[in-house]
Amino acid sequence: AKDSKFDVSSLLSIFDKSKDDMMKEETVIRIALDELIPTIFARTLPDEILNRQTIQGFQFAYSKFLFDKDLNPYFELGEFEFSLKEIRAY
C-alpha cells in the first residue's frame with residue numbers, strides 16, 4: 001500500500017554534467033528556486049507554483065528518469081559519488 005505522506009509533489013531541476021565531468025573538476029551549479037520544475041512521480045505539474053513558506057527539506061537524486069517519460073541521457077548504472085562543498089539559497 002502507498003503511504004500518502006510520500007505522495008506529494010516535488011520541485012526539480014536538472015543540469016547537464018556527465019558523471020566523468022563531475023569527478024574531474026569542481027563544478028558550480030546555480031539553480032534558482034523560481035526555475036524549479038514541479039513534478040510528481042516524474043510527471044510535470046504545469047499549474048503548481050512554489051510556495052517558499054512550505055519548503056521543508058531538500059535532497060539530491062541521481063535518476064535515470066527526467067520528466068514525462070523522458071530518460072536522463074547522462075545516467076549510467078553503477079556507483080555514483082559527489083562531494084558537496086557549499087549550498088546557498090538565492
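**Why is it called that? A chat about a predicted model**

Modeller: Let's start at Ala-42, which sits in the loop between β2 and β3. Keep in mind that this model is predicted.

Colleague: Which residue of the hairpin of β2 and β3 takes a positive phi near 50 degrees?

Modeller: That's Phe-41, and the hairpin has two residues between its strands. Phe-41 is found in the loop between β2 and β3. With a relative accessible area of 49%, Phe-41 is partly exposed, because exposed would need over 50%.

Colleague: How do you know that β2 and β3 pair?

Modeller: Pairing takes at least two bridges. β2 and β3 have two bridges, in the antiparallel sense, so they meet the rule. As an example, Ile-40 has Arg-43 in β3 as its bridge partner.

Colleague: What about β1 and β2: over how many bridges do they pair?

Modeller: Three, again in the antiparallel sense. With at least two needed, they count as paired. Ser-10 has Thr-39 in β2 as its bridge partner, and Leu-11 stands opposite Pro-38, also in β2.

Colleague: In what order do the strands lie in the sheet?

Modeller: The order is β1-β2-β3, and the three strands form an open sheet with antiparallel pairing.

Colleague: Why do β1 and β3 stand at the edges?

Modeller: Each of the two has a single partner strand, so one side of β1 (10-12) and one side of β3 are left without a neighbour in the sheet.

Colleague: What pattern does the chain follow along the sequence?

Modeller: It reads β-α-β-β, with one helix and three strands.

Colleague: Which element has the lowest mean pLDDT, and which the highest?

Modeller: Helix α1 (residues 19-24) has the lowest, 66, while β3 has the highest, 88. For the whole chain the average is 78, and 82% of the residues score at least 70.

Colleague: Now the rings. How many aromatic pairs are there?

Modeller: Two, going by the ring-centre rule.

Colleague: What makes the pair of Phe-58 and Phe-60 edge-to-face?

Modeller: A pair of aromatic rings is described by the distance of the centres and the angle of the planes. The centres of Phe-58 and Phe-60 are 5.8 Å apart and the planes are at 90 degrees.

Colleague: Why is the pair of Tyr-62 and Phe-75 called tilted?

Modeller: Under 30 degrees would be stacked, and over 60 edge-to-face. The planes of Tyr-62 and Phe-75 are at 35 degrees, with the ring centres 5.1 Å apart, so this pair is tilted. Both residues lie in the segment after β3, so the pair ties together parts that are 13 residues apart in sequence.

Colleague: How exposed are Tyr-62 and Phe-75?

Modeller: Tyr-62 has a relative accessible area of 28%, so it's partly exposed. Phe-75, at 26%, is partly exposed too.

Colleague: And why does Phe-58 count as exposed?

Modeller: Anything over 50% is exposed. Phe-58 has 62% relative accessibility, so it qualifies. Phe-60, at 48%, counts as partly exposed.

Colleague: Which residues make the nonpolar surface patch?

Modeller: Phe-58, Phe-60, Phe-82, Leu-84 and Ile-87 make it, and the patch comes to about 540 Å².

Colleague: How far is Glu-81 from Tyr-62 in sequence and in space?

Modeller: They're 19 residues apart in sequence and 9.7 Å apart in space, C-alpha to C-alpha. Glu-81 is in the segment after β3. Its relative accessibility of 55% is over the 50% cut-off, so Glu-81 counts as exposed.

Colleague: What share of the chain counts as buried?

Modeller: Of its 90 residues, 10%.

How values were computed
Residues are numbered from 1 along each chain as its sequence is written. This is a predicted model: local features need pLDDT of at least 70, side-chain atom pairs count only at pLDDT 80 or more; totals for chains, interfaces and linings use all residues. Side-chain values use heavy atoms; hydrogens and water are left out. Patches are made of residues with over 30% relative accessible area and no salt bridge: like charges are joined within 9 Å, nonpolar side chains (Val, Leu, Ile, Met, Phe, Trp, Tyr) within 5 Å. Accessible areas come from the Shrake-Rupley method with a 1.4 Å probe; for residues, only the protein chains shown count as cover. A salt bridge is a side-chain nitrogen of Lys or Arg within 4 Å of a carboxyl oxygen of Asp or Glu. Buried means under 20% relative accessible area, exposed over 50%, partly exposed in between (1.4 Å probe, protein chains only). pLDDT is the predictor's confidence in each residue, from 0 to 100. Helices (H or I, at least four residues) and strands (E, at least two) are DSSP runs, numbered from the N terminus. Rings of Phe, Tyr and Trp (its six-membered ring) pair if their centres lie within 6.5 Å; planes under 30 degrees apart count as stacked, over 60 as edge-to-face and the rest as tilted.
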